[in-house]
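Welcome, and please take a moment to look over the molecule below. We will walk through it together, one place at a time.

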Amino acid sequence: MTREVKDRMENMIRDIENEVAFTRRYIGKDKLDARVMEAMKTVPRHEFVPSNQQLLAYINGPLSIGHGQTISQPYIVALMTDMMNINSNSVVLEIGTGSGYQAAILSTLVKKVYSMEVIPELMESAQQTFAKLGYSNIECRLGDGHEGWPEHAPYDAIIVTAAAEQIPDALVEQLKPDGNLVIPVGPTYGPQDLLLVRKEQDGEITTRDVLAVAFVPLVRTGSRH
Ligand code: SAH
């Protein structure tokens, strides 16, 4: 990492810490998990954004990645990762591979990442980035995330990085007991509620509304053309 990238990265980390402190009332903590912040320091975000946005890669905001899609704001990536409550033995599912940045963050924290995407070009480009940077525990698949990825279920945690109209039943089914599903839910043109959906040990489902957010929609595969 060059000195310049390192400086920008350090600024990004400070911005995330400030926004976490600023939103502490909503998220219920002053600081995110140290391992999550460490992951944010190690993944080179500029490798996941288009070449014309290199200089913006470390600002604490969302960026366009083409195809009408965005790479989420770093603070939101860190917060959602923290909410998943994962460890190095976790097997997790991500819906919405996009640039691959969120999957790469997860890759450094867990045993295995399964990630689903509907736009083939984005999935292919993310896979190339994973190969280039050596993130070898991520498996991608094209498909509608509303259905989840039943073959590898149940998952220790699931993250959805596009806004659903409702919590998809399949994702709750594919979650392990004591597992967390982190998902923005609400109308297509936002704002949506970032929800922490927990499956308790006894199978009971509890939902906590954490923060108002704005995500691109989780589309139905049939509705794409
Ligand atoms: N996690 C990504 C954010 C991508 S934006 C990153 O770190 O860059 C949301 C992504 O969800 C888009 O790439 C979009 O194509 C994808 N998406 C939308 N609807 C989907 C669906 N039903 N199933 C899987 N992916 C979907």
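Which element gives the largest share of the lining of the largest pocket? Helix 4 does, with three residues. Before going further, keep in mind that this is a predicted model, where local features need pLDDT of at least 70, side-chain atom pairs count only at pLDDT 80 or more, and totals for chains, interfaces and linings use all residues. Residues are numbered from 1 along each chain as its sequence is written, and side-chain values use heavy atoms, with hydrogens and water left out.

Let us start with the empty space. Rolling a probe the size of a water molecule over the atoms shows where such space is left. A pocket here is an open set of points on a 1 Å grid over the protein atoms alone, where a 1.4 Å probe fits and protein lies on both sides within 12 Å along at least five of seven lines; its lining residues have an atom within 4 Å of a point. The volume is the space filled by probe spheres set on the points, which are joined across faces, edges and corners.

The largest pocket has a volume of about 550 Å³. Its lining has 37 residues, and those closest to the centre are Gln 69, Thr 70, Thr 161, Ala 162 and Val 216. Two or more lining residues come from each of strand 2, helix 4 (74-84), strand 3, helix 5 and strand 4; helices (H or I, at least four residues) and strands (E, at least two) are DSSP runs, numbered from the N terminus. By type, the lining divides into 20 nonpolar, 13 polar and four charged residues. In this count Ala, Val, Leu, Ile, Met, Phe, Trp, Tyr, Cys and Pro are nonpolar, Asp, Glu, Lys and Arg are charged, and the others, Gly among them, are polar.

What takes up the space of the largest pocket? The ligand does (a molecule sits in a pocket if more than half of its atoms lie within 2 Å of its grid points). Around the ligand are 27 residues, of which Ser 99, Glu 117, Asp 144, Gly 145 and Val 219 come nearest; to count as near, a residue needs a heavy atom within 4 Å. This shell divides into twelve nonpolar, twelve polar and three charged residues.

Now look at the polar contacts, pairs of N or O atoms within 3.5 Å. The side chain of Glu 117 has an N or O atom 2.5 Å from an oxygen atom of the ligand. A polar backbone atom of Gly 145 lies 2.8 Å from a ligand nitrogen atom, and for the side chain of Thr 161 an N or O atom is 3.1 Å from a nitrogen atom of the ligand.

Finally, turn to the backbone. Most residues other than glycine have a negative phi, and most peptide bonds are trans. Asn 85, in the loop between helix 4 and strand 3, has a positive phi near 55°. The peptide bond from Ala 153 to Pro 154 is cis, with omega near 5°, and Pro 154 sits in the loop between strand 5 (138-142) and strand 6 (155-160). Gly 190 and Pro 191 are also joined by a cis peptide bond, with omega about -10°.

Conventions:
Polar contact = N/O pair within 3.5 Å; in protein donor to acceptor, adjacent residues only side chain to side chain.
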